Amino acid sequence: MALRVAVVGSGPAGSSAAETLAKAGIETYLFERKLDNAKPCGGAIPLCMVSEFELPPEIIDRRVRKMKMISPSNIEVNIGSTLKDDEYIGMCRREVLDSFLRNRANKLGATLINGTVHGVDMPQNSTDPYTLHYADHSDGSVEGVAKTLQVDLIIGADGANSRIAKAMDAGDYNYAIAFQERIRLPEDKMAYYEELAEMYVGDDVSPDFYAWVFPKYDHVAVGTGTMQVNKMKIKQLQAGIRARAAKRLEGGKIIKVEAHPIPEHPRPRRVVGRIALVGDAAGYVTKSSGEGIYFAAKSGRMCAETIVEASRNGARIPTEEDLKVYLNRWDKKYGMTYLVLDWLQRIFYRSDATREAFVEMCADIDVQRLTFDSYLYKTVVPANPLVQLKITAKTIGSLLRGHALAP
């Protein structure tokens, strides 16, 4: 009997998993509740993702080659002079990116189901199938038609509020909220953001994260993130970024308002039985930068590759131990990245003094080069020992001048 896999959620994580499985000839079902879903998201992707996931040029709205880091006292530091001519940060709209990845997986053989998974019946042993209960929305109705599907494996790629995670008792995690307004600007104002993105730090825009103005196709995304999950507080912070960027947003018209939870750390259990979590459902969003798109797509692909390998292209049913190979590979490859970025957030985002020090540090060319190389290519490029020493001294010096090391 051929292996049957359900992938629940068709964002970058789910679609990348489904594509890999379908390419291997494994019977794959890809669930998506809303086919026109536009997840609130800054939409920045690293250069390596464009080539690694074979994204066509039309997926990228803007190629950002300049960044402005803006401190609590409005000191601006320009970043980007270290980039080569062909290097950039891609800015995309999630509805465009997600649709492309989902349709590609579908064309390669994954069966796309426009449905909401409501529950999962767990098997009594290691070989019986899982039964998914879902509402099929292909008739256009919101309530849908009740259906079931039996599969051997499930990949939960259904985001921060994952129902698959609940069904497998994956455990909870802390989460932040990303709030964003899409604002259409007059042409002259939009021209300013042609290849420029802005990041603002300060208690007025976020007590524990940052705020942003990111350019898209015909508008800018203006938003903030915070772990303070309180509607009034989030509204205050969004008013803060609107005030800080007011001159550059003059004449703008809000075309969409959106909010979404962002996981703050991986879930306690990411593989249980023959169910594996990927992307936001697993908690793969980095601290400091809040980046999740690349890591979502990468985790989906790595999980699916492990399934293909362990199942011998669908000839046998993988076990829980087989799926845990994916976790080991993931943690070995990216565990240190998450730890370092968590440390940076704890150090630099805890007060306006530390944020001033952080922005000051970003003015250093060596810091910029190391940061961009790490972001664009997802490898921490080893600096030579003298440069590394200089960066360390610069970091400590900035913190001391900002009284950031005071207890």
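The following legends describe close-up views of a predicted model.

**View 1. A three-stranded open sheet with the strand order β3-β7-β4.** The pairing in this sheet is antiparallel. Strands β3 (44-45) and β4 (62-64) stand at the edges with a single partner strand each, so one side of each has no neighbour in the sheet. Strand β7 (residues 89-91) is joined to β4 by 3 bridges. Within this pairing, Val-64 has Ile-89 of β7 as its bridge partner.

**View 2. Cysteines Cys-92 and Cys-362, both in buried positions.** Cys-92 has a relative accessibility of 0% and therefore counts as buried. Cys-362 is likewise buried, at a relative accessible area of 9%. The structure contains 0 disulfides.

**View 3. A nonpolar surface patch that includes Leu-339 of helix α9.** The patch is formed by Met-336, Leu-339 and Val-340, which together present about 310 Å² of accessible area. Helix α9 spans residues 320-348 and contains Leu-339. Because its relative accessibility is 54%, Leu-339 counts as exposed.

**View 4. The salt bridge between Asp-218 and Arg-184.** The two side chains meet at 2.9 Å, N to O. This pair links distant parts of the chain, 34 residues apart: Asp-218 lies in the loop between β14 (206-215) and β15 (220-226), and Arg-184 belongs to strand β12 (residues 175-184). Asp-218 is partly exposed, with 29% relative accessible area, and Arg-184 is also classed as partly exposed, at 39% relative accessibility.

**View 5. The salt bridge between Glu-264 and Lys-287.** The N to O distance is 3.7 Å. Here too the pair connects distant parts of the chain: Glu-264 sits in the loop between β16 (253-263) and β17 (271-272), while Lys-287 sits in the loop between α7 (279-282) and α8 (293-310), 23 residues apart. Both Glu-264 and Lys-287 are buried.

View 6. Asp-366 counts as buried at 16% relative accessibility, whereas Arg-369 is partly exposed at 38%.

**View 7. A network of salt bridges linking Lys-68, Glu-76, Glu-198 and Arg-248.** The whole structure holds 32 salt bridges.

Conventions:
Residues numbered from 1 in each chain as written. Predicted model: local features only at pLDDT ≥ 70, side-chain atom pairs only at ≥ 80, totals over all residues. Heavy atoms only, no water. Pairing = 2+ DSSP bridges. Helix = DSSP H or I, 4+ residues; strand = E, 2+ residues; numbered from the N terminus. Disulfide = S-S within 2.5 Å. Buried < 20%, exposed > 50% of the residue type's maximum accessible area, 1.4 Å probe, protein only. Patch = residues over 30% accessible without salt bridge, like charges linked within 9 Å, V, L, I, M, F, W, Y side chains within 5 Å. Areas by Shrake-Rupley, 256 points an atom, 1.4 Å probe, with all protein chains shown as cover. Salt bridge = Lys/Arg side-chain N within 4 Å of Asp/Glu carboxyl O.
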